[in-house]
Amino acid sequence: MTTTITLSKPLTWQEVALVAQGARLDLAAETAERIVHGRKIVDALVKNEVKGYGINTGVGALCDVVIDKVRQSTLSHNILMSHACGVGEPLGREETRAIMVAQVNNFAHGASGVRIEIVDALIALLNQDCIPVVPGRGSVGYLSHAAHIGLVLTGHGYAIKDGVRISGAQACEQIGVSPIKLQAKEGLSLVNGTPCATGLSCIALARMAQLLDWADMGAAMSSENLGCQIAAFSEAALDLRKSDGLKEVGRTLRSCLENSPMLSVNAGKRTQDPLSVRAVPHVHGAARDMFVQVGETLQRELESVTDNPTVSGTPDKPEVHSQAHAVGAALALSLDSLGIAAAEMAMISERRIDRLVNPMVSGLPAFLVPESGVCSGFMIAQYTAVSLVSENRRFASAASLDGGITSALQEDMLTHATPSALKLLSILGNLAMVLGIELLAAAQAYDLQAPEAPPAHKTGNIYRAIRKAIPAYRDDRPMHEDFDAILTFMKTYPINQELG
């Protein structure tokens, strides 16, 4: 049964992610009333010839060019056409859906002044899974991605329905609406605000939430194989440092490694472990703390109006406000920080992979195969992890500092929130693969351990589940097939239930 999310108040980032993944979206009656009220205010502004940016003026550096009533519809149409200049491969289904949900959420505040028909058409596209084709590159913040979505509402552009590329006109027919002729302000509202960055951020957080759990489990499995000194994860030791994330990771590690026969054998053999093992609560915990902070910033974004201009008042006393709410500085800064945290998690995971495959420190056969020499085993898998960690290091540079000058000095600084979100998604994709390699290496290490000292209950469960899905590696098949399989396993296995 498909989940339905009803938009009566600002959505949570978790709800945006659910709709992006395929849940239905409905408007509550009171939300529809807010949208209708906002449109009446725009109509009053037009009727009374109150000057408003993008309503009866040009946009960007043309903001002082007054547009008469006859041409305001043409202005909206032209904004959409001129702004639809994205390039490159299209965004994925989930990414595009996330942007659309965030657009609807932004319009639902009632301060944008678009007609209810536009919101209903966006929801119809979502609920019938008819997804606009949105080129992924060419945006410094918003504008181009959103414009390609808006094209479809007007019968232009392209969409994907049931795996088939169709025209915007065909998409409108498929969802049972006529192509929309835009009215005053609607073209600007369709390309404006932070829904692009906000929507993409919601699915980034949803993906990272799962990866945080897999990172903890992978670290537990590697640490167990490496004979860690579990006392470093004790509650008494970790309570001395103030961090909710650190404490959560510590609890997870203690739970996963509880009563481990493997660790009992190694207890007291070392004074302390290397940092890639000993500092797991500190690194993973810091990432969890950052995750919570970014979630709070993202929720504020969803609860904010990010259109420019905004409208308020009543049809009798309409007001229009030109401001900079479409600038997503807080979001860009947060996403850049979370990208660094995710990149660091991949870095520490790769260091644990290296320790597992290195016979000088693991106590296991070189590269986790008994027939080393004839077989290379996990030698090059670790190379792959190094490559992805290095790529993340490049991605982790701050997009929010890129700056830029556009629109003839009118928009003379840029915060790049959407690029920040896109590169975070790339970092998370690499993190997922590095963690997958660690899980495969840890499972292979368990294969080589003495049978009289088995793993703990929870780590053993994951080991057996991996082995049920993916057999031990013997240089008998291309390793990339195992990489694909472990990513599928990570997406489908209920790791949150395992961790409790």
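## About the model

What you're looking at is a predicted model, where local features need pLDDT of at least 70, side-chain atom pairs count only at pLDDT 80 or more, and totals for chains, interfaces and linings use all residues. Residues are numbered from 1 along each chain as its sequence is written, and side-chain values rely on heavy atoms, with hydrogens and water left out.

Helices (H or I, at least four residues) and strands (E, at least two) are DSSP runs, numbered from the N terminus.

## Two helices side by side

Let's start with helix H15, residues 329-357, and helix H18, residues 417-448: their axes come within 9 Å and cross at roughly 20°. That makes H15 roughly parallel to H18. For the wording, angles under 35 degrees count as roughly parallel, over 145 as roughly antiparallel, 65 to 115 as roughly perpendicular and the rest as oblique. The axes themselves are lines fitted to C-alpha atoms, for helices over the stretch in contact, with angles running from 0 to 180 degrees between N-to-C directions.

H15 passes H18 in a left-handed crossing, the term for a near helix turned anticlockwise from the far one by less than a right angle (right-handed if clockwise). Which kinds of residue make up the contact of H15 with H18? They divide into 21 nonpolar, three polar and five charged. Here Ala, Val, Leu, Ile, Met, Phe, Trp, Tyr, Cys and Pro count as nonpolar, Asp, Glu, Lys and Arg as charged, and the others, Gly among them, as polar.

## Rings that meet

Next up, the aromatics: the structure holds six aromatic pairs. Rings of Phe, Tyr and Trp (its six-membered ring) pair if their centres lie within 6.5 Å; planes under 30 degrees apart count as stacked, over 60 as edge-to-face and the rest as tilted. One of the pairs is Trp13 with Phe291, and it is edge-to-face because the ring centres are 5.9 Å apart and the planes stand at 85°. This pair links distant parts of the chain, with Trp13 in helix H1 (residues 13-21) and Phe291 in helix H14 (residues 280-302), 278 residues apart. Both Trp13 and Phe291 are buried, where buried means under 20% relative accessible area, exposed over 50%, and partly exposed in between (1.4 Å probe, protein chains only).

Tyr446 and Tyr463 have ring centres 5.0 Å apart and planes at 45°, so this pair is tilted. Tyr446 lies in helix H18 and Tyr463 in helix H19 (residues 457-469), so the pair ties together parts that are 17 residues apart in sequence. Tyr446 counts as buried at 6% relative accessibility, and Tyr463 counts as buried at 17%. Elsewhere, ring pairs link Trp214, Phe489 and Tyr493 into a cluster. There's also a charge over a ring: the charged end of Arg165 sits over the ring of Tyr158, 4.3 Å from its centre. That label applies if NZ of Lys or CZ of Arg is within 6 Å of the ring centre and within 35 degrees of the ring normal.

Most residues other than glycine have a negative phi, and most peptide bonds are trans.

Asn259 isn't a glycine, yet its phi is positive, at about 55°. You'll find Asn259 in the loop between helix H11 (244-256) and helix H12 (261-266), exposed with a relative accessible area of 67%. Asp475, also a residue other than glycine, has a positive phi near 55°. Asp475 sits in the loop between H19 and helix H20 (479-492) and is partly exposed, with a relative accessible area of 32%.

## A few distances

Gly218, in helix H9 (residues 195-225), counts as buried at 2% relative accessibility.

Thr6 belongs to strand S1 (residues 4-7) and counts as partly exposed at 44% relative accessibility. Thr6 and Arg137 are 131 residues apart along the chain, and their C-alpha atoms are separated by 31 Å. Leu25 has its place in strand S2 (residues 24-27) and counts as buried at 0% relative accessibility. From Leu25 to Lys181, 156 residues apart along the chain, the C-alpha separation is 24 Å.
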